[in-house]
Amino acid sequence: MGTKMEIEHSHLLINNLNLHIAQIGKDELGTVVFLHGFPEIWYSWRHQMVAVAEAGYRAIAPDWRGYGLSDQPQDPENASREHLISDLLGILDALSIPKTFLVAKDFGSYPAYLFALLYPDRICGVVSIGMPYLPVPSSYDLLPEGFYIKRWQVNYKIGSLLPDVLEPGRAEADFSRFDVKRVVRTIYILFSKSDIPIAPEGKEIMDLADLSTPLPEWFSEEDLSMYASLYQKNGFTYPLQIPYRVRSIKETNLPSDRTIRVPVLLIQGEKDYVYKLPGRYEAIKEGIMKDYVPNLEISFIPEGCHFAQEQFPDQVNQLITGFLKAHPVNN
């Protein structure tokens, strides 16, 4: 064996922001870009990056704008999904990557799917962990007021004279009672369960776990410290904007045909609470997603939770590398 490969870190100036990029491996067989969710960072893909690098690919994991070691935009209230697409395109262009695989999870899957829709010639295939492609919007109306997404969508307007000035919302008020490490700890505990996080009346989301609740066995104190140290830099206000409060991409900016033509692998943990959200089960089990993604494979991980790539890294790595090998870049 030669020397062990190490993950390297750099910054790229993209759309006037310094975006942090972690990377490892040589692109003998192609490049794989990993897109994280909330409350995640590049580090969420540590197991997968090494596995695809050892399989002969270049692995790149950016911190999204406002996350981890990437710059925070000055105007969080103007955050939009278009920015994520634009950042991703900027990263590929800056690194001279003509065509890539995208591996994404949680809200990171939305820009991955949209990128495949808008720039199919730049994409070899998409792997999504736990997030089906659903061009038909689903509603959360039937979920109670204490549903975490409803809580975290709340921003407070300051005064009627300044209708567009936002002050930090309910989540920030909830989170600010604790240090960053405790917030990340609580979210990892709640999001790794199979039940949808819902706060009862009079309680906040952070009240749903206390310090006596153990971390998931696959998530160490060292892992927690790594996440916490990176959230210290930017806090949570911008990260909350991106999945929970951003404007959706304007219909006019999307093609009328919403079919994704590139190959897609959906890795679905069957204990992922997101699986219980409206429309998700139907999209997967009743074939709705297949209508929009003709070249679709679905692999189930029976005990997989929302963080399947950290919980069962070997299984997820095998599924990803198998998919990469089945769709060579030069095809």
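1. Contact, as used throughout this note, means heavy atoms within 4.5 Å. The model is a predicted one, in which local features need pLDDT of at least 70 and side-chain atom pairs count only at pLDDT 80 or more, while totals for chains, interfaces and linings use all residues. Residues are numbered from 1 along each chain as its sequence is written, and side-chain values use heavy atoms, with hydrogens and water left out.

2. Helices (H or I, at least four residues) and strands (E, at least two) are DSSP runs, numbered from the N terminus. In the contact of helix H1 with helix H12, His-47, Gln-48, Ala-51 and Val-52 of H1 meet Pro-313, Val-316, Asn-317, Ile-320, Thr-321 and Leu-324 of H12. These residues divide into 6 nonpolar, 4 polar and no charged, where Ala, Val, Leu, Ile, Met, Phe, Trp, Tyr, Cys and Pro count as nonpolar, Asp, Glu, Lys and Arg as charged, and the others, Gly among them, as polar.

3. H1 (residues 46-54) and H12 (residues 313-326) pack at an angle of about 40°, with their axes 10 Å apart; axes are lines fitted to C-alpha atoms, for helices over the stretch in contact, and angles run from 0 to 180 degrees between N-to-C directions. That angle makes H1 oblique to H12, since angles under 35 degrees count as roughly parallel, over 145 as roughly antiparallel, 65 to 115 as roughly perpendicular and the rest as oblique.

4. An open sheet is formed by 8 strands in the order S1-S2-S4-S3-S5-S6-S9-S10, with mixed pairing; two strands pair if DSSP finds at least two bridges between them. Strand S1 (8-14) and strand S10 (296-301) stand at the edges with a single partner strand each, so one side of each is left without a neighbour in the sheet. S1 runs antiparallel to strand S2 (residues 17-24), to which 7 bridges join it, and His-9 has Ala-22 in S2 as its bridge partner.

5. S3 runs parallel to S4, joined by 3 bridges, and Val-33 has Ile-60 in S4 as its bridge partner.

6. Asp-174, found in helix H5 (residues 170-175), is buried, with a relative accessible area of 2%. Leaving aside neighbours within four places in sequence, Asp-174 is in contact with Glu-204, Ile-205 and Met-206.

Key: Buried < 20%, exposed > 50% of the residue type's maximum accessible area, 1.4 Å probe, protein only.
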